[in-house]
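Please consider the structure shown below. The paragraphs that follow lead the reader through selected features in turn.

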Amino acid sequence: MPLEKADIVARFTSRFHQSPRWVIRAPGRVNLIGEHTDYNDGFVLPLAIDRAVWIALRPRGDRRVAVYSVDYDQMGEFSLDDLRNEKAGWIEYLKGTAWSLQDAGLALTGWEGVLQGDVPLGAGLSSSAAVEMATARALAAAGNLDWKPAKMAKLGQRAENKWVGVNCGIMDQLISAAGRQNHALLIDCRSLDCQPVPFPPGVAVVVLDTSTRRGLVDSAYNERRSQCEAAAKFFGVTALRDVTMEQFEQMAGGLDAITRRRALHVIGENDRTVEAVEAMRRGDAVELGRLMNASHRSLRDDYEVSSDALNAMVECAAAHKACYGARMTGAGFGGCAMALIRADAADDFVVRTAAAYQQKSGNKPAVYVCQATNGAEVV
């Protein structure tokens, strides 16, 4: 069962012997389609899910932030006047977010609280972005700051890039900040324009955690980015988002085979994402599923970021009669796949797909049906 407000309030009350002033919730996310397009200025279609990071907090009279992490059973504390990156694990995500907001000229004040999450770590569901956006929302509440989702997402991304040292795109923070209940969010990663897109009736999104975790993928991720940049340079554009499939087909013969496949994935994936939005607006779950299947094949064969476990999970999901489509989601090399299914068959799908995957791979998966929820909010 997902964490609820009562859980984090009880944790806070037992630690501080009073009720919290604010309770913050910031969701993880799953990406419906549009993978590895964000750092190519392209389109993504994520949804905020009902797995989240929660912070219960109260204000302090000084400039210190003190947080107890339930998940790590640790207290973390820092001064807003002396922010130093000490590579101290989970607390650095909070420190980095505070540094980014302060560096942007926002006036922060101290607070103390309890942090707890149920976004699986390392599964590709953006637990780190959820921590950053929960922290930003807590800092905004304590400092009486306006909540501007796109601005806060950019500051959270900057914290992850510059403080934590992970060269992520904007999607994870933006969907955690700006998600909409019962909708996916079409994000233009160049303009940061967000358009809510309603789900077709009678469908459910299922997250399929392979129980494998990404290995040393930073080098592979950076390699993919540099291959995309080389392809954009070849086509004479700012980013691969600016290349049409017709232009690709006319000119791609001048690229080496690997760079050609990488560019083909990104250009095709941008087209698939735009087509997926049109299918959702028509209520066409069958076409949406077809596009998801095509996305997985492209990620597996052209972008080469899938894994045996992810491929096995997608095959098991696709074999169920209630499944419209399935694909790996996130950076790849492990973590989660996701499926679009008939909602009325969710229980049977979960049981059969989990059993089939375990038999095929030997791994015990975690499978859960997700609801699309709001982004970071005071609840």
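Is Arg-158 buried, exposed or partly exposed? With a relative accessible area of 29%, Arg-158 is partly exposed; buried means under 20% relative accessible area, exposed over 50%, and partly exposed in between, with a 1.4 Å probe and protein chains only. The model is predicted, so local features need pLDDT of at least 70 and side-chain atom pairs count only at pLDDT 80 or more, while totals for chains, interfaces and linings use all residues. Residues are numbered from 1 along each chain as its sequence is written, and side-chain values use heavy atoms, with hydrogens and water left out.

The side chain of Arg-158 meets that of Asp-103 in a salt bridge (2.7 Å, N to O), a term for a side-chain nitrogen of Lys or Arg within 4 Å of a carboxyl oxygen of Asp or Glu. This pair links distant parts of the chain, 55 residues apart: Asp-103 lies in helix α2 (residues 91-103) and Arg-158 in helix α4 (residues 149-164). Helices (H or I, at least four residues) and strands (E, at least two) are DSSP runs, numbered from the N terminus. Asp-103 counts as partly exposed, at 48% relative accessibility.

The structure holds 26 salt bridges. In another of these, Lys-95 and Glu-86 meet at 2.8 Å, N to O. Lys-95 counts as buried at 3% relative accessibility, whereas Glu-86, at 51%, counts as exposed.

Helix α5 (residues 171-178) has seven of its eight residues buried, so it is largely enclosed by the rest of the structure. Among the buried residues are Met-171, Leu-174 and Ile-175.
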